[in-house]
Amino acid sequence: QVQLAESGGGLVQPGGSLRLSCVYSGSIFNDSPMGWYRQAPGGKRELVAGITSGGAPAYGDSVKGRFTISRDNSKNTVFLYANRLKPADTAVYFCNAARFDGSTIRPLDLEVWGQGTLVTVST
């Protein structure tokens, strides 16, 4: 059974930081790359960061240099350290499996998602 539980969101001022966490369970995640996706109000879900099972990261252009993804395979947990946050980063953030095409992360069209965690960047 697939389960995902994201946490760590909140209200932060521009330039601030947050650490998001996601605990996942289910056999589909065994040795799978994982990713952080986000969906802004009225927008489509986009993949912003991914990490291989071995810990190699990749980022979308909108967050490169500001966000860092990591994972703890022993705890089935993936993290997203979001720094220098901007109002444009306001969104609900989700974790789920992802795939790599060479060194580029690609989203997967998955049926099961967690509830996500809301990040609001505002004064």
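**Note on the strands, cores and aromatic rings**

1. Alanine 5 stands opposite valine 23 in β3, and the antiparallel pairing of β1 with strand β3 (residues 18-25) runs over five bridges. Strands here are DSSP runs of E with at least two residues, numbered from the N terminus, and two of them count as paired if DSSP finds at least two bridges between them. This is a predicted model, in which local features need pLDDT of at least 70 and side-chain atom pairs count only at pLDDT 80 or more, whereas totals for chains, interfaces and linings use all residues. Residues are numbered from 1 along each chain as its sequence is written, and side-chain values use heavy atoms, with hydrogens and water left out.

2. The pairing of β1 with β3 belongs to an open sheet of four strands, with antiparallel pairing in the order β1-β3-β8-β7. β1 (3-7) and β7 (67-72) stand at the edges with a single partner strand each, so one side of each has no neighbour in the sheet. On average, neighbouring strands of this sheet are turned by 15 degrees against each other, direction ignored; the axes behind this angle are lines fitted to C-alpha atoms, and angles run from 0 to 180 degrees between N-to-C directions.

3. Strand β4 (residues 34-39) is largely enclosed by the rest of the structure, because five of its six residues are buried, a term that means under 20% relative accessible area, with exposed meaning over 50% and partly exposed in between (1.4 Å probe, protein chains only). β4 is joined by six antiparallel bridges to strand β5 (residues 45-51), where leucine 47 is the bridge partner of tyrosine 37. The hairpin of β4 and β5 has five residues between the strands, and glycine 42 takes a positive phi near 75 degrees there. β4 also pairs in the antiparallel sense with strand β9 (residues 91-97) over six bridges, and tryptophan 36 has cysteine 95 of β9 as its bridge partner.

4. In soluble globular proteins, nonpolar side chains tend to be buried together. A nonpolar core is taken as a set of buried Ala, Val, Leu, Ile, Met, Phe, Trp, Tyr and Cys residues joined through side-chain atoms within 4.5 Å. The largest nonpolar core here has 25 residues, and those with the most contacts inside it are Trp36, Val78, Leu80 and Tyr93. At least two residues of this core come from each of β3, β4, β5, β7, β8 (77-82), β9 and β12 (117-121). A second, separate core has six residues, including Tyr37, Leu47, Ala58 and Ala98.

5. Contacts (heavy atoms within 4.5 Å) can be followed from single residues. Leaving aside neighbours within four places in sequence, tyrosine 93 touches several residues, among them Glu6, Leu20, Trp36, Phe67, Leu80 and Val119. Valine 119 counts as buried, because its relative accessibility is 2%, and, with residues up to four places away not counted, its contacts include Gly9, Leu18, Asp89 and Tyr93. The C-alpha atoms of valine 119 and arginine 19 are separated by 10 Å, although the two residues are 100 residues apart along the chain. Serine 21 in strand β3 is buried at 13% relative accessibility.

6. Rings of Phe, Tyr and Trp (its six-membered ring) pair if their centres lie within 6.5 Å, with planes under 30 degrees apart counted as stacked, over 60 as edge-to-face and the rest as tilted. A search of the whole structure finds four aromatic pairs, and tyrosine 37 with tryptophan 113 is an edge-to-face pair at 5.0 Å centre to centre and 90 degrees between the planes. Tyrosine 37 lies in strand β4 and tryptophan 113 in the loop between β11 (104-106) and β12, 76 residues apart. Ring pairs link Tyr37, Phe94 and Trp113 into a cluster.

7. Arginine 45 lies over the face of phenylalanine 94, at 4.4 Å from the ring centre, and the charged end of arginine 45 also sits over the ring of tryptophan 113, 3.8 Å from its centre. Such a placement requires NZ of Lys or CZ of Arg within 6 Å of the ring centre and within 35 degrees of the ring normal.
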